[in-house]
Amino acid sequence: MSKIKMKSNLAPFPKPGCIIGAMVDGRPNFMNIVWVNRMNISPNILAASVNVKHYTLKGIKQNQSFSLNFPSIDLVEKTDYVGLVSGRDVDKSKLFEVFYGDDENTPMIRECPINIECKVHDMVELPDHVVVFGEVLNVYSEEQYMTDGALDPKKFNPIVFTRPGPIGTYWKLGDSIGRAWSIGKNLFE
Ligand SMILES: Cc1cc2nc3c(=O)[nH]c(=O)nc-3n(C[C@H](O)[C@H](O)[C@H](O)COP(=O)(O)O)c2cc1C
């Protein structure tokens with residue numbers, strides 16, 4: 001079967017729905033962000049790519065901190081909304097119940113099953129985005145999203161985002177197809 005050469009404007013997908021939080025000029029602000037990944041084991045460093053034009057970036061730079069909040073499917077409208085309007089024009093701080101962990105300048109969203117509090121480790125400026133590397137200070141969740149003390153995807157119901165072309169779509173998680181670092185052992189000689 002021959003391969004079709006496609007346009008290069010493609011990012012890895014699916015990605016989890018995610019909302020980044022930062023304090024901008026003393027007010028919590030939140031925006032939709034899907035370009036998020038883990039970058040280091042110890043310390044745990046996550047990277048988020050934020051467009052230079054976004055209001056959120058101002059707060060990340062001001063406080064050298066941000067949060068990553070992973071919503072469940074029931075928050076899909078609000079998750080999309082914070083990706084449609086800017087905190088420069090609209091006050092997005094009242095949309096969610098905001099809570100704080102160790103740092104009073106890192107707003108997090110109580111309704112999101114998973115919240116990660118990060119302090120900036122480093123920033124890399126690219127032509128139109130700044131990659132913000134955050135060292136994880138704390139991760140917050142609730143018993144209702146866990147099984148035997150571990151986060152359970154079936155319980156926190158993450159939003160799954162795909163963008164194979166110009167159209168982005170939200171989905172919910174499907175069925176498990178195997179254990180990682182395990183199912184491949186079936187091919188061991
Ligand atoms: C599905 C979706 C994914 C997005 N992913 C990103 C992203 O990874 N990085 C980014 O800079 N902006 C991303 N955006 C755009 C911002 O969320 C959007 O421009 C937001 O309004 C900026 O808010 P702010 O100006 O209050 O910071 C995304 C938007 C949507 C709807």
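Two strands are said to pair if DSSP finds at least two bridges between them. With that in hand, here are a few close-up views of this predicted model.

**View 1. Strands S2 and S3 pair side by side.** Strand S2 and strand S3 (residues 27-32) are joined in the antiparallel sense by 6 bridges. The hairpin made by S2 and S3 has 2 residues between the strands, and here Asp 25 adopts a positive phi near 50 degrees.

**View 2. Strand S2 also meets strand S6.** S2 and S6 (residues 65-70) run antiparallel and are connected by 3 bridges. Look for Ile 19, whose bridge partner in S6 is Asn 69.

**View 3. Strand S2 is covered on both faces.** In a regular strand, side chains alternate between the two faces of the sheet. On one side of S2 sit Ile 19, Gly 21 and Met 23, and on the other Ile 20, Ala 22 and Val 24; all are buried. Counting along the strand (residues 19-24), 6 of its 6 residues are buried.

**View 4. Ser 93 sits in a loop.** You will find Ser 93 between helix H2 (76-81) and strand S7 (98-99). Its relative accessible area is 9%, so Ser 93 counts as buried, the cut-off being under 20%. The side chain of Ser 93 makes a polar contact with the side chain of Asp 91, at 2.6 Å. Beyond its neighbours within four places in sequence, Ser 93 is in contact with Arg 27, Pro 28 and Val 98.

Terms used
Residues are numbered from 1 along each chain as its sequence is written. This is a predicted model: local features need pLDDT of at least 70, side-chain atom pairs count only at pLDDT 80 or more; totals for chains, interfaces and linings use all residues. Side-chain values use heavy atoms; hydrogens and water are left out. Helices (H or I, at least four residues) and strands (E, at least two) are DSSP runs, numbered from the N terminus. Buried means under 20% relative accessible area, exposed over 50%, partly exposed in between (1.4 Å probe, protein chains only). A polar contact is a pair of N or O atoms within 3.5 Å; within protein, one must be able to donate a hydrogen and the other to accept it, and residues adjacent in sequence count only if both atoms are side-chain atoms. Contact means heavy atoms within 4.5 Å.
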